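Colleague: I'm new to this model and would like a close look at one part, the surroundings of the ligand. Please take me there step by step, starting from the whole chain.

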Amino acid sequence: MADPTETAPSEVASFEDLSLNPCLSRAVSKLGYERPTSVQMQCIPLALEGKDVVARARTGSGKTAAYLLPVFHKILESTVPRGTFPRALILVPTRELCQQVRDEAVKILNGSGGTLRVEQLPPTGSKPAETRAVLGVRPDVLVATPGRFATCLKDKLLQPDSLQKALQMLVLDEADLLLSFGYEKDLNLIATQVPPGCQVMLLSATMPENVERLKQLVLHDPVVVEVDDEDGIGADDALASAAGGITDVDAGPAQLVKHFTLDVAKAQEKLLYLLGLLRLNLVQRKVIIFVNTVDTGFRVKLFLEHFGVRCVVLNSELPSNSRVHILQEFNRGLQQMTRGTS
Ligand SMILES: Nc1ncnc2c1ncn2[C@@H]1O[C@H](COP(=O)(O)OP(=O)(O)OP(=O)(O)O)[C@@H](O)[C@H]1O
């Protein structure tokens, strides 16, 4: 039985040390990734050994590449003839995350010069013909929400026996959200179709009780990786030095995320402080503001725009196409943003 807290050798320091397929080492170097993050250092060697892996690491720690690289490696090194599909299935809780994972995958694959294909299933409400078109290109890797993938199985758009023959890897990303988003039935159905030899990776920012249930459903004797991430992809130290009078409540030397609290005596003054932080460049680059209601999100937007701060509201009441568009604009740097709810 695997040691549940086993970790990979700590001497791994560069992507070359990970013994990834050379196409993938080239791809990460083209992306400018100088060295693996902690979660990548620990997960990738275990996954390349064929172990089931459970990893807990904070948001932004590089979890996506921690599973995409082993997934691509396994397919590239596999002797199974091309055309059997999907070789890997990545399940995430929302359509936006499907898009984000696919984008990250395409970024890596573009640099690898290879011919692997990653597709995402069309959203709920799409016509079966659209799903057939996606499956028709026989993607090596399929990204989907559990709901969409289960519908695909139920509608027989994907035959269970093709899954039995092809599926080599299953990834459950943002696992803490998968069950809380109500996908339990879908996951139970999918679990019955996962072939016994399929390797499983489960990644999550937190490990609540429901993740244990998920582990028992699909993983075999997994190695557990817990990353208290000291690793800083692009840590923004400028914020720390600029925020003179603000209390740093979580100041590690090289932490990815810096936390500060600002005590505001009167609730009405919150907006003024917010404006000050933005206009005086105490908070730099792109900013996401979380508020507790949709209405407050719109109020904050109106206030900030009155003072020339470009922003947009994102909340669950908007149609999903608009949400994707808003995120794309935000990523391209067109807007600062207020969010309706967290
Ligand atoms: N080794 C690396 N070096 C530099 N940048 C990296 C490295 N690995 C990943 N990144 C970049 O860091 C960013 C955050 O990574 P990623 O989205 O995988 O984090 P995450 O842990 O999956 O976060 P979330 O939980 O929000 O999905 C991405 O833009 C990714 O391209």
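Modeller: Happy to! The protein chain has an accessible surface of about 17000 Å², and carbon and sulfur atoms hold 52% of that surface; such areas come from the Shrake-Rupley method with a 1.4 Å probe, and for residues only the protein chains shown count as cover. What you see is a predicted model, where local features need pLDDT of at least 70 and side-chain atom pairs count only at pLDDT 80 or more, while totals for chains, interfaces and linings use all residues. Residues are numbered from 1 along each chain as its sequence is written, and side-chain values use heavy atoms, leaving out hydrogens and water. The chain has 14 helices and 12 strands, taken as DSSP runs numbered from the N terminus (helices H or I, at least four residues; strands E, at least two).

Now to the ligand. The shell around the ligand has 17 residues, and those that come nearest are Y33, Q40, G60, T64 and E104; a residue is near if one of its heavy atoms lies within 4 Å. By type, the shell holds four nonpolar, seven polar and six charged residues. Here Ala, Val, Leu, Ile, Met, Phe, Trp, Tyr, Cys and Pro are nonpolar, Asp, Glu, Lys and Arg are charged, and the others, Gly among them, are polar.

Next, some polar contacts, pairs of N or O atoms within 3.5 Å. The side chain of Y33 has an N or O atom 2.5 Å from an oxygen atom of the ligand. R35 takes part through its backbone, with an N or O atom 3.0 Å from a ligand nitrogen. From E174, a polar side-chain atom lies 3.3 Å from an oxygen atom of the ligand. On its own, the ligand has 640 Å² of accessible area, and the protein covers 79% of it. Two elements give two or more residues to the shell: α3 (63–77) and α4 (95–112).

P93 sits in the loop between β2 (88–91) and α4. With a relative accessibility of 2%, P93 counts as buried, a word for residues under 20% relative accessible area. E174 is one of the residues that P93 touches, and so are T145, D173, L177, L178, F181 and Y183, leaving aside residues up to four places away in sequence; touching means heavy atoms within 4.5 Å. P93 and L172 are 79 residues apart in sequence, yet their C-alpha atoms are 9.1 Å apart in space.

Notes: Polar contact = N/O pair within 3.5 Å; in protein donor to acceptor, adjacent residues only side chain to side chain. Buried < 20%, exposed > 50% of the residue type's maximum accessible area, 1.4 Å probe, protein only.
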